[in-house]
Amino acid sequence: MELRDNTGHPRRWAILGVLVVSLLVVVLDNTILNVALRTLADPVRGLGATQGELEWSINSYTLVFAGLLFTFGVLGDRFGRKRFLLFGLALFGLSSLLSAYAQSPGQLIAARAMMGFGGAAIMPATLSIISNVFDPRERAKAIGIWSGAVGLGVAIGPILGGALLERFWWGSVFLINVPVVLGGLLAVGLLVPESRDPRPGRIDLVGVALSVVGLVALSYGIIDGGEHGFDRGVVWAAILGGLAVLAGFVAYERRIDHPSLDVRLFRVPQFAAPVAVIGLVFFAAMGVMFFSSFYLQLVRGYTPLQTGLLFLPFAVAQLAFAPRSAAMVRRFGARAVSAVGLTLTTTALTAFALVTADTPIWVVGAVFFVQGVGMANIMPPAMESIMAALPRERAGVGSAVSNTVRQVGGALGIAVLGSVLAAVYRDRIADTTGALPVPARSAANESISGAYGVAGRLGDGGAAVVSAANDAFVSAMHWAAALSAIIAAAGIIVVLRWMPGRPARPPVEPEPVGEPELATA
């Protein structure tokens with residue numbers, strides 16, 4: 001039933017479908033890559049990438065994406081969201097081609113960074129356009145459907161990636177983005193209206209530079225420390241330098257009258273609390289997703305396609321529950337829904353700390369499902385709370401901030417939890433690899449993929465290395481999962497303390513005696 005006095009665009013639901021397609025290309029790329037990590041590490045079928053290079057293949061995209069979201073969210077608001085959406089789709093498609101035909105890990109990392117540039121123009125535009133074409137009374141439902149598109153990408157990505165890897169070369173997982181981009185460009189050009197901030201201001205070039213430099217330096221220090229150890233001065237120089245630059249960024253943004261990030265927004269609990277929750281939950285979840293692919297393909301021996309199918313329960317839960325979360329928020333409030341979602345997510349992450357090499361696979365699938373249900377009931381209420389805290393014309397800022405925090409949280413989660421994984425793994429496998437030649441010992445100690453490669457060259461003696469690598473990896477996975485559960489649990493505290501609850505119903509005014517009853521909208 002159509003809402004009375006609806007201020008939304010007449011074609012808003014068709015526009016939402018187009019925006020979902022545009023978002024899907026970004027989500028597909030990241031979910032497909034998770035399944036392809038094992039193949040990329042293979043020196044014969046892939047590029048022979050090390051664990052550090054695999055982390056950079058993800059985080060080169062993430063760092064550029066996160067660093068430019070501030071800029072493109074603001075530029076889209078000021079110069080046209082449709083224009084930036086078309087630009088982002090075109091650049092994303094071109095860089096997908098370059099990624100598909102990369103000849104070395106370094107080339108792939110550079111092409112992925114270029115993909116992040118395109119993705120940064122796509123993501124904030126989709127959500128800010130939704131905020132502008134939908135009536136506030138329909139916005140929560142639209143955001144729920146938008147969030148469900150993430151679940152659709154999560155569902156399609158691993159299965160599609162696994163099927164491609166079993167039939168074609170690894171580059172096909174990037175090449176598949178091209179037809180999606182072409183379809184998105186056509187649909188956006190035909191259906192999506194242009195929109196912008198009616199009161200544009202100056203561009204904050206200094207703030208943009210500080211945010212990019214700070215995020216890159218901080219993430220570089222964490223990732224490099226995980227790969228080579230935290231006992232080197234260059235690692236701490238990067239980490240402390242990045243934090244110092246980010247502190248300078250916050251101080252600078254507070255002083256100017258045209259900030260790319262209005263840090264004063266974080267004084268508003270309705271805005272700050274959901275942003276913090278998004279960062280915490282993606283920190284916890286993305287690190288677990290990173291090592292789950294290696295667990296399933298190496299420790300458990302599943303093919304890429306089987307691994308993609310095992311991720312399906314997570315995706316099904318996202319598809320089923322994300323669109324319904326808006327109704328749950330209206331009934332119980334954002335605080336209650338988010339708290340339940342975080343509790344389910346924390347429970348699932350805790351369960352990963354108990355999973356072994358012999359755990360029945362249906363149990364692993366059930367854990368993925370519970371995690372999917374939990375995360376499906378975190379993002380929609382968080383995003384609705386963020387967007388409700390800002391006026392429509394500043395929707396791009398809210399979208400950029402929330403997505404930047406999500407990407408930074410995910411990148412730091414992969415870096416920090418990957419560092420924990422690598423450190424515990426090296427410690428556990430050291431006794432077994434001590435007698436190996438130095439090159440073989442270094443490769444086996446670096447990652448479980450390297451240990452499998454060494455074992456393949458040792459003949460009968462390789463079985464002991466594989467067994468030790470599996471045991472070391474599962475033990476390391478337990479430590480990383482436990483840390484991720486603690487991080488997610490911190491999100492519950494944030495929600496219960498600062499997240500807005502259910503709005504109080506307005507009091508019913510007594511009707512004046514003798515006057516007729518009036519119908520209300």
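Reply: Helix H8 (205–228), helix H9 (233–255) and helix H17 (395–433) each supply at least two residues of the lining of the second largest pocket. Helices here are DSSP runs of H or I with at least four residues, strands are runs of E with at least two, and both are numbered from the N terminus. The model is a predicted one, in which local features need pLDDT of at least 70 and side-chain atom pairs count only at pLDDT 80 or more, while totals for chains, interfaces and linings use all residues. Residues are numbered from 1 along each chain as its sequence is written, and side-chain values use heavy atoms, with hydrogens and water left out.

The volume of this second largest pocket is about 370 Å³. Of its 16 lining residues, Phe70, Leu215, Leu246, Phe249 and Leu261 are the closest to the centre. A pocket is found on a 1 Å grid over the protein atoms alone, as an open set of points where a 1.4 Å probe fits, with protein on both sides within 12 Å along at least five of seven lines; a lining residue has an atom within 4 Å of a point. Grid points are joined across faces, edges and corners, and the volume is the space filled by probe spheres set on the points. H17 gives the most to the lining, with 5 residues. By class, the lining has 14 nonpolar residues, 2 polar residues and no charged ones. In this classification Ala, Val, Leu, Ile, Met, Phe, Trp, Tyr, Cys and Pro are nonpolar, Asp, Glu, Lys and Arg are charged, and the others, Gly among them, are polar.

The pocket may now be set in the whole protein. The secondary structure comes to 20 helices and 0 strands. Of the 521 residues, 57% are buried, where buried means under 20% relative accessible area, exposed over 50%, and partly exposed in between, with a 1.4 Å probe and protein chains only. Of the contacts with a separation of 6 or more, 82% are between residues 24 or more positions apart; a contact means heavy atoms within 4.5 Å.

Several single residues illustrate these terms. Ser475 is located in helix H20 (residues 462–498) and is buried because its relative accessible area is 17%. Leaving out residues up to four places away in sequence, Ser475 touches Val424 and Arg428. Ala464 is also found in helix H20, but Ala464 is partly exposed, with a relative accessible area of 48%. The C-alpha atoms of Ala464 and Thr433 are separated by 9.6 Å, and these residues are 31 residues apart along the chain. Ser338 belongs to helix H14 and is buried, at a relative accessible area of 1%. Apart from neighbours within four places in sequence, Ser338 is in contact with Asn377, Ile378, Pro381, Val495 and Met499.

Helix H15 (residues 361–376) has 16 residues and reaches 23 Å from its first C-alpha to its last, close to the 22 Å expected at 1.5 Å a residue. The expected span is 1.5 Å times one less than the number of residues. Among the buried residues of H15 are Val364, Val367 and Phe368. The buried residues of H15 pack against several helices, including H10 (269–299), H14 (334–352) and H16 (379–388).

Aromatic rings provide a further view. The whole structure has 7 aromatic pairs. Rings of Phe, Tyr and Trp (its six-membered ring) pair if their centres lie within 6.5 Å; planes under 30 degrees apart count as stacked, over 60 as edge-to-face and the rest as tilted. The rings of Tyr61 and Phe92 have centres 6.5 Å apart and planes at 85°, so this pair is edge-to-face. Tyr61 lies in helix H2 (residues 51–79) and Phe92 in helix H3 (residues 81–100), so the pair ties together parts that are 31 residues apart in sequence. Tyr61 and Phe92 are both buried. Tyr101 and Trp169 form a tilted pair, at 5.6 Å centre to centre and 35° between the planes. Phe311, Phe352 and Phe368 form one aromatic cluster.

Gly118 counts as buried, at 0% relative accessibility.
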